[in-house]
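Subject: Handover of a structure and findings

Dear colleague,

Please find below the structure that I am handing over to you. My findings follow directly after it.

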Amino acid sequence: MNEQSTVAGDARPNDPEKNTEKNVQKHQQGTETQTHVAIVDSSPEKESKEEDNTDTVDNNNTSNANGRNVPQDVRIAVIGNVDSGKSTMIGVLTSGEFDDGRGLARSRILRHNHEQANGRTSCLSQHIMGFNLKKKPIHQPVSISATPKQKTAAWSTVFQQSKNIVTFIDLAGHEKYLKTTIGGLTGCFPDYAFIVVGANMGISKMTREHIQVAVALSIPLFVVITKIDISPEKILKHTVKTLVKLLRSPACNNKMPMIIRKKKEIRLLFEKDLYLARITPIFCVSAVKGDNVDKLNYFLSQLHPRTPWEHRKHEYVVEEKLDTITEQKPENENEHGNENGNTDAENKISENAKQTEKATEKEQLPMDHPHPAHSHPHHHSHHHPHHHDLKPGDDNYGELEIDETFAVRGVGIVVSGTVTGGRIYANQKLYLGPFTDCSFKEILVRSVHMKRCVVEDARAGESCSVSFRFVKRKEVVDRIMIRKGMVAVSDERHKPKPVWGFTATILVLHHPTTINEGYQPVVHCGNIRQTATIMKMSKHRLRSGDSALIDMRFLGHPEFLHCGRALIIREGSTKCIGKVVQLYPDYDVGLSDFSALEKKYLNRTFEVQAKQDGSGTATMIFDEQQPIVTKDDLHRLEIEMKELALKQKQMKEEKKRIKNQEMNNDDDDENIQQ
């Protein structure tokens, strides 16, 4: 993982509200009259009174909840069209200095010379900012050209002084770098998607595509409209109107847009929807003048990690059982003397799989989490990625998914990635692979770093870098042989198994013609990016908007996969999204039973939705457990938000009335005494 540093000065941005609040409200009020955006009524109170109550939002996630002095980390993927101001906005937020309108802020973020020359991001990079106990931002005062020692000192300061950290994942906006953007959305496991829209550019094709992919991956959104200082009022109104129409459409699962003008609206937002599952806040921001940057900072300080990592340990156990079953199938075939597959053997395997799954669920699932694999994030309000996520009966279990490798002088090979299960700690034995020969090599962890700081361990949901050595000298390999998408897994009972094939449910977002068997697209699954062949489909052919079960086989080398992992299939303008539901260490066409899997996994709700609407657009999400929101649900949510705002306003007026009454009573008592 590239942990980039940013330039920052000692100067902090001044409060821009006094100069720009009237202009921003003028733009937004003009927009409200033309759209159906749910705007909460806000009384003309001074912002200073709201500042005093900034700590009233629920703050259950403490950095020392498990005896670890590790701040809570929220990962945000920054996406949007090219030249919309993504890198500039990250530079302003992380450094604490406004842009000069000539590329000062983005120069702190861009890594390569060609990026500095054309101003366009072409690779994935990560940048951090922190918040202390009082929700005040902590910036990093170093430049991109600083020495590694200076960068490490700056990141360490943010890491040690922060109660919670926001990690921005800067992704490319240009269409030719789309594979990098998709890889970041699937491999970096972001909690939220930060959509950047240029006020003077409107909603472009790539913006729609990025939003569609984020919605399909069930990643909550929030939108920042930049460059409002140079955009004409008419263009700004049109941009907001188009954005609101897009968010309220079935293509975005009928989300409720909410333009943020006051900090108390942010508190109301999190009170109703803590994880932004149905409400999408919109901020109108200027990176040069600083309009509403303070509100955006306050919003970021209130975000909570969303991914329920606890379910991964149970998926891993179930996956082991299924892998064992699929390996037994060729033996059953040989017993019956049928190389092409026997119907009785297939039925027996399906029955064994069902029995094993039921037995595993009863034995492994704890009572307080009866269905962790499909839990909605709202059920994990007190659970965050820093909790223990160990394999049942195995305190040493850990799994690290690798996204980058480094060669450090005096240290050796260092890998970085995200802990997707258990914990990674020093002196832990792991199995690194799979290599091209399907092997895993035993390694010993030397040290673990998070945000350039040495830590005792890294737990599920946290990103880290690990230095290690190979246990056996004959297994030592060069750094070039360790590729992105590999894993380092500790499994004492059964060594991890690479898989050649898998079954997945897919939804075709776009395809110019038809998809048939034998089609070879590029598969993005986590950090894995490899060409695979479609071996079998539950339908004869697939077009845009169709859903089906497919069997795929990797073309080059095996990979380590999990059931339930999101999947994106891409090739040219073709884009499909889906979920892995079955794994095969040694793939054979007769292993998969589509009739049984189709009833359990395939989600056809979006097809009915498209026919009822008659608009040709549909809600497409990869997980069949995720609810599809209708227009009626959206209207009910808007009514609930208005009622909640009215209730809070009445409670505030009641408190004010009681306070005035008490003051009057005190004055009467004083007069009587006199």
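A residue is called buried when its relative accessible area is under 20%. Cys 252, with a relative accessible area of 1%, is therefore buried. Cys 453 counts as buried as well, because its relative accessibility is 6%. Please note that this is a predicted model. A search of the whole structure for disulfides returned zero.

Burial also characterises helix 10, which spans residues 263-272. Seven of its 10 residues are buried, so the helix is largely enclosed by the rest of the structure.

Six strands close into it, in the order 17-20-19-18-21-22, with antiparallel pairing. On average, neighbouring strands of this sheet are turned by 45° against each other, direction ignored. One of the pairings joins strand 21 (residues 566-571) to strand 22 (residues 574-584) in the antiparallel sense, over six bridges. Within it, Leu 567 stands opposite Gly 578 of strand 22.

Helix 14 (residues 594-601) packs on this sheet. The helix touches strand 17 (501-510), strand 19 (528-537), strand 20 (547-554) and strand 22. Between the direction of helix 14 and that of strand 20 the angle is about 120°.

Yours sincerely

Terms used:
Residues are numbered from 1 along each chain as its sequence is written. This is a predicted model: local features need pLDDT of at least 70, side-chain atom pairs count only at pLDDT 80 or more; totals for chains, interfaces and linings use all residues. Side-chain values use heavy atoms; hydrogens and water are left out. Two strands pair if DSSP finds at least two bridges between them. Helices (H or I, at least four residues) and strands (E, at least two) are DSSP runs, numbered from the N terminus. Axes are lines fitted to C-alpha atoms, for helices over the stretch in contact, and angles run from 0 to 180 degrees between N-to-C directions. Contact means heavy atoms within 4.5 Å. Buried means under 20% relative accessible area, exposed over 50%, partly exposed in between (1.4 Å probe, protein chains only). A disulfide is a pair of cysteine sulfur atoms within 2.5 Å.
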